[in-house]
Amino acid sequence: MSEGYSIELYFDPALENQVLKAWNVLARRQISTQLIEIESRPHITLFSTPFADPTKLQNILKPFASKHEPLPLSFSSVGSLSADSSLLFLPPTPTLSLLQFHSQLTDALRKEGIEIGDEFKPDSWIPNCAVAQDVPRSRMAEAFTVLRELKLPVNGYAMDIGLVELSPVREVCSFTLGNAVEV
């Protein structure tokens, strides 16, 4: 049974590979392997909910994606939230285009009667790309050190928006941003 759905922003192949490199380094050091094990894909979560009609979400995402061009992204630091001290992430530089994209998505969802949880409201959303989950407290400093050794900043583009079913992670659909022709 599904634990909900998530709307995720996916990266161009070069940027995705840079994030996967971080995942793999942490896995080789046996610090964190969960993101690899659950077969996640590097992403920024735009919205998540335990209750949703996936068809309704898909019908919102397709026209939304076609109206938005790929977004430039830059990850230049490593972060962790005090509320979840076992998660490490790369926060993208919060550009006006990224913040507007997220705000317009939440507006589109709201117009269709979908409730936006506090953590995904535009004035409280913290964009991030997870690089390690469930990091043992005793290994957190080592994980930070490993991630700081990456050549930051890493730059690229958000190219696709996807709908993902959670637990297990399963992509329902994804749409290319902009008017690019899908092959």
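The model is predicted.

**Fold and overall shape**

The protein has five helices and eight strands. Read along the sequence, they follow the pattern β-α-α-β-α-β-β-β-α-β-α-β-β.

How does the radius of gyration compare with that of a compact globule? For 183 residues, such a globule would come near 16 Å. The protein has 16 Å, so the two agree. Along the principal axes, the C-alpha trace spans about 45 × 35 × 35 Å.

**Surface and charge**

Of the 183 residues, 45% count as buried. The protein exposes about 9800 Å². Carbon and sulfur atoms supply 51% of that area.

Charged side chains number 15 positive and 22 negative. The centres of these two sets lie 5 Å apart.

**The cysteines**

A disulfide is a covalent bond between the sulfur atoms of two cysteines. How many disulfides does the count give here? The count comes to zero. Cys129 and Cys173 show why. The cut-off for a disulfide is a pair of cysteine sulfur atoms within 2.5 Å. The sulfur of Cys129 has its closest cysteine sulfur in Cys173, 20 Å away, so a bond is ruled out by distance. Seen from Cys173, the closest cysteine sulfur is that of Cys129, again at 20 Å and too far for a bond.

Are these cysteines buried or exposed? Cys129 is buried, at 0% relative accessibility. Cys173 is buried too, with a relative accessible area of 9%.

| Residue | Relative accessible area | State |
|---|---|---|
| Cys129 | 0% | buried |
| Cys173 | 9% | buried |
| Gly162 | 0% | buried |

**Around Gly162**

Where does Gly162 sit? Its place is in strand β7, which covers residues 154–165. Gly162 counts as buried because its relative accessible area is 0%, and buried means under 20%.

Which residues does Gly162 touch, leaving aside those up to four places away in sequence? They are Ser6, Ile7, Glu8, Tyr10, Leu61, Cys173 and Ser174.

Ala132 gives a distance for scale. Gly162 and Ala132 are 30 residues apart in sequence. In space, they are 21 Å apart, C-alpha to C-alpha.

Technical notes: Residues are numbered from 1 along each chain as its sequence is written. This is a predicted model: local features need pLDDT of at least 70, side-chain atom pairs count only at pLDDT 80 or more; totals for chains, interfaces and linings use all residues. Side-chain values use heavy atoms; hydrogens and water are left out. Helices (H or I, at least four residues) and strands (E, at least two) are DSSP runs, numbered from the N terminus. The radius of gyration is taken over C-alpha atoms; the globule rule is 2.2 Å times the number of residues to the power 0.38. Buried means under 20% relative accessible area, exposed over 50%, partly exposed in between (1.4 Å probe, protein chains only). Accessible areas come from the Shrake-Rupley method with a 1.4 Å probe; for residues, only the protein chains shown count as cover. Lys and Arg count as positive and Asp and Glu as negative; His and the chain ends are not counted. The place of a charge is taken as NZ of Lys, CZ of Arg, CG of Asp or CD of Glu. Contact means heavy atoms within 4.5 Å.
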